Amino acid sequence: MAPTRKVIAVLEIEEERKLEGSYSYWDLVKRFYRDYLASSGKVFAGLQVLHILGAILTLVPPLLLRAIIDDAIPGGDFGEVMTLVFWAFGAYFLFSVINGSKTYWGHQFAQLVVRDMRNELYRHYQRLSLGFHDRKKTGELMSRVMDDLNKNQEFVHHGPEALVGSMTLLLGTIIVLLTLSVPLTLVALTFVPILTIFAWYLLKKMHLAFRDTRQKVAMMNDRLEDNLAGMSVIKAFASEDFEDKRFAQTNDAHIFARMRALKYMSVLFSGSHFLNACGILLVMSYGGYLVINGNVTVGTIVAFYGYLLQFRAPLLQLVRTTEGLSEFFAAMERYYNHIDLHPSIVSKPRAVKPSYIEGEVSFSDVHFSYGEEPILAGMDFHVPAKKTVALVGPSGAGKTTTVRLIPRLYEVERGQVIIDGVDVRDIDVHELRSSIAMVMQDDYLFSDSIADNIRYGRPDASHEEIVEAAKAANAHDFIMDMPRGYETEVGQRGLRLSGGQRQRVSIARAFLKDPRILILDEATSSVDSETEKLIQEAIERITEGRTTFIIAHRLSTIVDADEILFIDEGRVLERGNHHQLMAQGGQYREFYDLQFQEEQAI
């Protein structure tokens, strides 16, 4: 037996909780390499070769400086001095070329990797069920798509550069120092184990702090997005002060988490500087003693000093990388935490892909609930193809839920939704939804042009087809009155258009899609009588030859429906056409008479 929607929702939440904190650092690194670096292995390897060559070239100048001080200058050979200077110049020039190349190609490689990650995460969000999106806030998801992956972009380039380049330079420096003076090298490296333990201790604390910071950033983004989108409500209720305090609290929580991470980072950086300075001072002291006793040359001490300065840079770069590493692990945890979630509504392996859908729809003992609240409790009805059915009933009766089960936006708990004799769970999800169009009460328009929003119904439509759909939806005239006609930008959520204009654009979009099943949910609500007439005319055109489900608050708009279903408490209590239901004198009659009296009073 298939799991119910309630069980599915619980399983989704449990799955997400189990994934949190379940990834080890090593698992994240291996998986990241396998998923996003291995396919470009040659490019990635080439960048690492450039890091190694650049590190090796930095080892050359101190050796040349030692030769100048110990050999060329005491020997009075100016020509040898200039030859050594020329070789040093060549080393610096070649290093500059390699450094510029790895910087450009490294950043480009990182951009492409993060592009693929961002595309995959967005694609996965579209596959996840509406139940997931009902539980999540837009700000949190945007934070994962944008902020987290921007952090990864920096680390994809600078992380390997620090690990490969810096490790090469460190190992190379140690080898050269040992060839110059073993005792002096051992003295110089006494601070390294202390610094390593010090860095790893703070790394763990920084990782936890940065993970908390990313969560707080997501919360702040969510609060900001919510408030900016609801600014009209804030102003209408004079809630500016209240929202100021709420945002300030969210912002303070983010700053506190960030400052905790910065505290560990500050201790790490300042402590590493101090330990490195102690190592240099120790070398200068012991090195001076060795020079005085004739055990090493002055050039060797100068070379040692140069190498220690170079030694300090990659060592500190590795230490600095701990911050990037912490943020990388925190961001990758959040990334895979969502990538690994399984969508609850998917097509079966051998799902039916009908070449044509007639539009015959049946509900058989359908049960559904949101959480613990039951919505549908045994919904039963049958609609022949190409008929128009109106769903009527009090608010919360289950009308909108019923029509959203047809395109399988949610999964039924029990029973069946059947189209053309096939359970919708056995039909390919893409094919099913491609045959259905929905016009909702407050339909969403994208922040594009009017033409782009209509074209959304069929992306390959020509301009002439868009105009034809707009005329069918009684939208062409008001569109042509706009400053740029069909190229007029509608603004975020279509707020530059009136409610009636938005509805007609939505109807045009549905008309252009040419669906076999059409769902109209309160398509004429919240508009004036003149606009309602225009919308009603458009609906009459678009419903012709299609199976249509209409949910309407104003019963006068559905009196001509082939059948009316009166729904309450998740069940069909009465059915028939308008005249039959009025003659029965049941709940529909009471509903209609009450609304008629209210309209007369108005």
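Is Arg-546 buried or exposed?

1. Arg-546 is buried, at a relative accessible area of 7%. Buried means under 20% relative accessible area, exposed over 50%, and partly exposed in between (1.4 Å probe, protein chains only).

2. Basis of the note. This is a predicted model, in which local features need pLDDT of at least 70, side-chain atom pairs count only at pLDDT 80 or more, and totals for chains, interfaces and linings use all residues. Residues are numbered from 1 along each chain as its sequence is written, and side-chain values use heavy atoms, leaving out hydrogens and water.

3. Setting of Arg-546. The residue sits in the loop between helix H19 (529-542) and strand S8 (547-551). Helices (H or I, at least four residues) and strands (E, at least two) are DSSP runs, numbered from the N terminus. Contacts of Arg-546, beyond neighbours within four places in sequence, include Lys-386, Lys-387 and Phe-511. Contact means heavy atoms within 4.5 Å.

4. Polar partners of Arg-546. Its side chain makes a polar contact with the side chain of Asp-514 (2.5 Å). A polar contact is a pair of N or O atoms within 3.5 Å; within protein, one must be able to donate a hydrogen and the other to accept it, and residues adjacent in sequence count only if both atoms are side-chain atoms. The backbone oxygen of Pro-515 is 2.9 Å from a polar side-chain atom of Arg-546.

5. His-476. This residue belongs to helix H17 (residues 476-480). His-476 counts as buried because its relative accessibility is 18%. Setting aside residues up to four places away in sequence, His-476 touches Val-467, Ala-470, Lys-471 and Tyr-486.
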